[in-house]
Amino acid sequence: MKKLLLIALIVSLAVLLASIPRGETESKIVPAAGESVHPNQFFMPEYFSPRPEGEQESSDNRIDGAVVPHHLLAHQLISQVFSRFRQQEPSLLVLVGPNHHNRGERIITGTWDWQTPFGTVEVDREVVGKLLDAAPVKQDDMVLDSEHSIGNLMPFIKFYLPETKVVPLILHHDVSRQEAKLLAEQLNEVTDEGAVIIASVDFSHYLTREEAQQKDRETMAALKADNLGRIFSMGNDYLDSPASLGVLFTAMDARGLNEFKVLANTNSGMILKNDLIETTSYFSLVFECGYK
């Protein structure tokens with residue numbers, strides 16, 4: 001009798017669990033009471049090599065915008081860019097990157113801060129609030145929580161710029177040129193002049209080293225020609241987020257910055273000295289203007 005009751009209980013529980021829609025349970029995950037910080041889940045010490053004080057990059061000009069990788073194999077390129085900001089000490093970095101899994105809304109931001117081994121990176125909630133009011137942006141911290149295009153940069157930001165706040169933004173793969181233009185315009189409206197926009201973008205994927213280098217040459221030619229139409233037509237064999245570059249380049253154009261400086265271009269095959277692997281390629285570049 002007890003055995004029959006146990007079997008009946010198990011069957012009932014299985015039926016109950018099967019009746020709960022999986023997508024619905026995932027969408028209703030909420031943080032614990034008072035929780036407002038993304039955990040320190042992106043830091044990989046083997047991919048963190050801070051530059052000694054005497055070896056840091058420096059610039060005589062203010063940087064208004066930049067492109068950095070988010071693949072941590074390219075950690076030296078990431079350090080190269082963020083170490084250049086130490087003289088400038090911007091109060092705000094706007095980070096724009098891909099939503100790799102296209103989860104949630106088309107353009108997402110959030111208000112949770114980010115834990116790192118060096119302390120917590122604070123989000124500028126005032127600017128986020130203005131974006132939510134004025135631009136086609138939705139808040140979804142749960143989607144942001146696992147997005148490495150943003151999370152991988154946080155330890156570098158806190159190490160080099162401990163007082164700087166951030167505004168995170170992630171974009172679906174098919175965010176249009178018009179949507180990117182609107183977001184760029186809103187960013188220029190709701191941020192102060194000293195705010196820096198950073199596109200977190202990796203470039204050519206899954207090709208040989210030589211094939212990746214050829215794709216990079218085509219991408220750079222389009223960027224130098226300010227041909228965003230060509231950039232938005234490119235797939236993952238060229239880059240993982242045309243829209244993130246669209247936001248950056250449109251915002252810089254509105255600020256009168258039409259030229260940029262390429263700091264580095266490489267790929268994982270070159271870094272690992274292996275021509276047999278599928279590669280990811282990387283650029284780091286900056287838009288600079290004279291200090292006012």
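## Helix α11

In this predicted model, the buried residues of helix α11 are Pro242, Ala243, Ser244, Leu245, Gly246, Val247, Leu248, Phe249, Thr250, Ala251 and Met252. The helix is thus described as mostly covered, with 11 of its 13 residues buried.

The length of α11 can be checked by simple reasoning. Helix α11 comprises residues 242-254, and at 1.5 Å a residue its 13 residues should span 18 Å; the C-alpha atoms at its ends are 18 Å apart, so expectation and model agree. After the helix comes Gly256, which has a positive phi, near 80°.

## The largest pocket

The largest pocket has a volume of about 270 Å³. Its lining is made up of 17 residues, and those nearest the centre of the pocket are His100, His205, Asn236, Leu239 and Asp240. Sorted by class, the lining contains nine polar, six nonpolar and two charged residues.

The structure contains 14 salt bridges. One of them pairs Glu288 with Arg84, with 3.3 Å between the closest N and O atoms. Glu288 belongs to strand β12 (residues 279-289), whereas Arg84 is in the loop between α3 (75-83) and β3 (92-98); the pair therefore ties together parts that are 204 residues apart in sequence. Both Glu288 and Arg84 are buried.

Another salt bridge joins the side chains of Glu179 and Arg106, at 2.7 Å from N to O. Here too distant parts of the chain are linked: Glu179 is in helix α8 (residues 177-190) and Arg106 is in the loop between β3 and β4 (107-109), 73 residues apart. Glu179 is partly exposed, with a relative accessible area of 23%, and Arg106 is partly exposed, with a value of 31%.

Terms used
Residues numbered from 1 in each chain as written. Predicted model: local features only at pLDDT ≥ 70, side-chain atom pairs only at ≥ 80, totals over all residues. Heavy atoms only, no water. 1 Å grid on protein atoms, 1.4 Å probe; cavity = no way out; pocket = protein on both sides within 12 Å on 5 of 7 lines; lining within 4 Å. Points joined across faces, edges and corners; volume = space filled by probe spheres on them. Nonpolar A, V, L, I, M, F, W, Y, C, P; charged D, E, K, R; others polar. Helix = DSSP H or I, 4+ residues; strand = E, 2+ residues; numbered from the N terminus. Expected span 1.5 Å × (residues − 1). Buried < 20%, exposed > 50% of the residue type's maximum accessible area, 1.4 Å probe, protein only. Salt bridge = Lys/Arg side-chain N within 4 Å of Asp/Glu carboxyl O.
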